[in-house]
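Hi,

Here is the structure I said I would pass on. Have a look at it first, and then read my notes below.

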Amino acid sequence: YDKTGVTPLIIRNGISQNKIESLSKVRWEKSVSGRKTVTFTGNVGVAQRLELIIEKVSSDNKYDLRIVGDGAARSQLEGFAAKLCPGRVTFTGNVNWHDVIKEYTRADILYTQIGNEFATAVPTKIFEYLAIGKPVILGLPDGPARQVFTKFSGVFTHYPDDVKGLTKALEAALLPMEIDREGNVEMILAEHVRELQINTVVSALEKTNEGMF
């Protein structure tokens, strides 16, 4: 802005309204078992740095881990998990949307991480997590994702590849709490719905075209 004198148009990453409204109505019961299930869903790639959560699960017997999805790092991570904690990490591969919802309902904690080199990314998958109303742990570098998601209820963060930070986040996420699921959904609908962002672009283009004639 300082160099061009033009105010930038900010388009937020978002999610479809139908998906958020559907997820916000999903019913689930709180787990009463001693062991807790940490669930990751999405692309199983390099950016997610899932070695960290696998290492943590391997060192703490009260957690199981489910990795839902597929990607370039899956094969390597399967070998890594098999050596560290055989039988404690489940890789489901790609599943359909109905089964993704099942994974959300069976989880105790929802998890994802992005590496420092992807600091500008704002993963839309996290909006799905927030609409479910369960504790969410995010490994996030300083950047837009951290700014966006720390505003929501039930979110616990650590910095990428920080096992101590992850440990503290897991311990905090297991404490009794009331997550403002409704408030999270309202915030997503107000600021992060994809249709609203499309309308913003269309409106800006229409104003630009008007100014040209």
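This is a predicted model: local features need pLDDT of at least 70, side-chain atom pairs count only at pLDDT 80 or more; totals for chains, interfaces and linings use all residues.

Let's start with the rings: Phe127, Phe149 and Phe152 form one aromatic cluster. Rings of Phe, Tyr and Trp (its six-membered ring) pair if their centres lie within 6.5 Å; planes under 30 degrees apart count as stacked, over 60 as edge-to-face and the rest as tilted. There are 3 aromatic pairs in the structure. One of them joins Phe149 and Phe152, a tilted pair with 6.3 Å from centre to centre and 35° between the planes. Both of these phenylalanines are buried (buried is under 20% relative accessible area, exposed over 50%, partly exposed in between, with a 1.4 Å probe and protein chains only).

Residues are numbered from 1 along each chain as its sequence is written, and side-chain values use heavy atoms, leaving out hydrogens and water.

Phe127 turns up again where helix H5 (residues 125–132) meets helix H8 (residues 181–191). Helices (H or I, at least four residues) and strands (E, at least two) are DSSP runs, numbered from the N terminus. The axes of H5 and H8 come within 7 Å and cross at roughly 145° (axes are lines fitted to C-alpha atoms, for helices over the stretch in contact, and angles run from 0 to 180 degrees between N-to-C directions). H5 brings Phe127, Leu130, Ala131 and Ile132 to the contact, and H8 brings Arg181, Asn184, Val185 and Ile188; contact means heavy atoms within 4.5 Å.

Now for helix H3 (residues 74–84), where Arg74, Leu77 and Ala81 are buried. Seen down the axis, these buried residues fall within an arc of 60°, so they line one face of H3 (the arc is that of the directions from the helix axis to the C-beta atoms). Ser75, Gln76 and Lys83 are exposed on the other side of H3. Helix H2 (51–59) and strand E3 (89–93) are among what covers the buried residues.

Last, two charges over rings (NZ of Lys or CZ of Arg within 6 Å of the ring centre and within 35 degrees of the ring normal). Lys134 has its charged end over the ring of Trp28, 4.7 Å from the centre. Arg146 lies over the face of Tyr159, 3.9 Å from the ring centre.

Cheers
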